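The paragraphs below walk through the charged side-chain pairs of one protein model. Look at the sequence and structure first.

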Amino acid sequence: MTSRIRRAAARSPVPPWASVLLVGLLAVVAMSHDELAGWALVAALLAPVAGVALLGPYPVVALGVCAVTSVTVALSMTDNVPVWSSALCVAVFVISLLAGRGAPKVAPALGACAAGVVLDVVFGLVRGEVWGVGALLLGLTVALPWLLGRSAHQQAELVVVTAERAMLQERARIAHDMHDTLGHELSLLALRAGALEMASDLDERHRRAAAELREGAGLATERLAEVLALLRDGGPAPLSPAPARDAEDVRALVDRASGAGLPVSLERHGVGHLPPVVGRVAHRVVQEALTNAAKHAAGEAVRVRLATSDGATVVTVVNPLPRRVRRGAGGGAGLAALREYVSQHGGTFRAGPRGGEFEVVATLPHVGES
């Protein structure tokens, strides 16, 4: 992202407003030919041109040209401040500002300013003059605008970082939603196809079609897992608002899974209505647990239990461990994201084998819920 900003600066080191301003300032310097000797006028005109030419490929060198020009202008002023010197100082200010946007590193800029200070001291000692005037002008027309340009460069970088972070968060949110919806639906589709394949009154041709459908759903689930891994970019999916849910949504979820052929039962203890956030998290926990049961332990009975007491709801999903382990797609990413999701809402989560069963337990406090 930083290199992209620098490449953009290299393609267009001088914005239109700066080009117009610099041309106007050079015109002011050119009209002062009666105050400047021939060689001095040429040098006063060439210095800004050289600085602009070096901005793209060598912004630090352009800053050095500005430093030398600033000190030279300070040494040329005696009792008054001519118009040409003011115009030249403004041009140096603009070029130093643009150099700060293109070369934000501190060490090279300090070196360029230090070279200007050394030049001011040497000329001051040779001519027996006070050398502090050149250093002051150097600070006002070179160092200060360079710092302003560097700040503008950092602000541009911050905008790019913020935009890219928002894009990554949105991509991870999409991955999370796809996992919760499409993954669940594909698992139920594979479950329905498996039940159809085992039906006793089905002829062989339709049985083969059901087997192909089940295999296709499993392959689609694997491809979905690969896509989600890319979308998540190796990090946990961020949390985002979702529609409010309650115990009735969990019951509807269980009914749909049961209708698809998954032997699942629901026990409900406590109040019938859950707070919005708790209901949303409970729905997510049950959905992920049923999806995993359909993939890894198809045909095994699943028990879902919602128990509310003492200001908390405990969601428990249990299924027997299958006699023959079936490895499905996903690699545990769903449970890992679910653990993060529950913890971000102040709950606790655990999942794993326990006494010949696989148990998913989430404790969800009703903190701050009405």
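Is E267 buried, partly exposed or exposed? At 35% relative accessibility, E267 counts as partly exposed, where buried means under 20% relative accessible area, exposed over 50%, and partly exposed in between (1.4 Å probe, protein chains only). This is a predicted model, in which local features need pLDDT of at least 70 and side-chain atom pairs count only at pLDDT 80 or more, while totals for chains, interfaces and linings use all residues. Residues are numbered from 1 along each chain as its sequence is written, and side-chain values use heavy atoms, with hydrogens and water left out.

E267 pairs with R305 in a salt bridge, with 3.7 Å from N to O; the term stands for a side-chain nitrogen of Lys or Arg within 4 Å of a carboxyl oxygen of Asp or Glu. E267 belongs to strand β1 (residues 264-269) and R305 to strand β2 (residues 302-309), so the contact ties together parts that are 38 residues apart in sequence. Strands here are DSSP runs of E with at least two residues, numbered from the N terminus. R305 is also partly exposed, at 35% relative accessibility.

Another joins R350 to E359, whose closest N and O atoms are 3.0 Å apart. Here R350 is partly exposed, with a relative accessible area of 40%, whereas E359 is buried at 14%. E359 also meets the side chain of R354 in a salt bridge of 3.2 Å, N to O. R354 is exposed, at 51% relative accessibility. Through shared partners, the salt bridges join R350, R354 and E359 into one network.

Terms used. Helix = DSSP H or I, 4+ residues; strand = E, 2+ residues; numbered from the N terminus.
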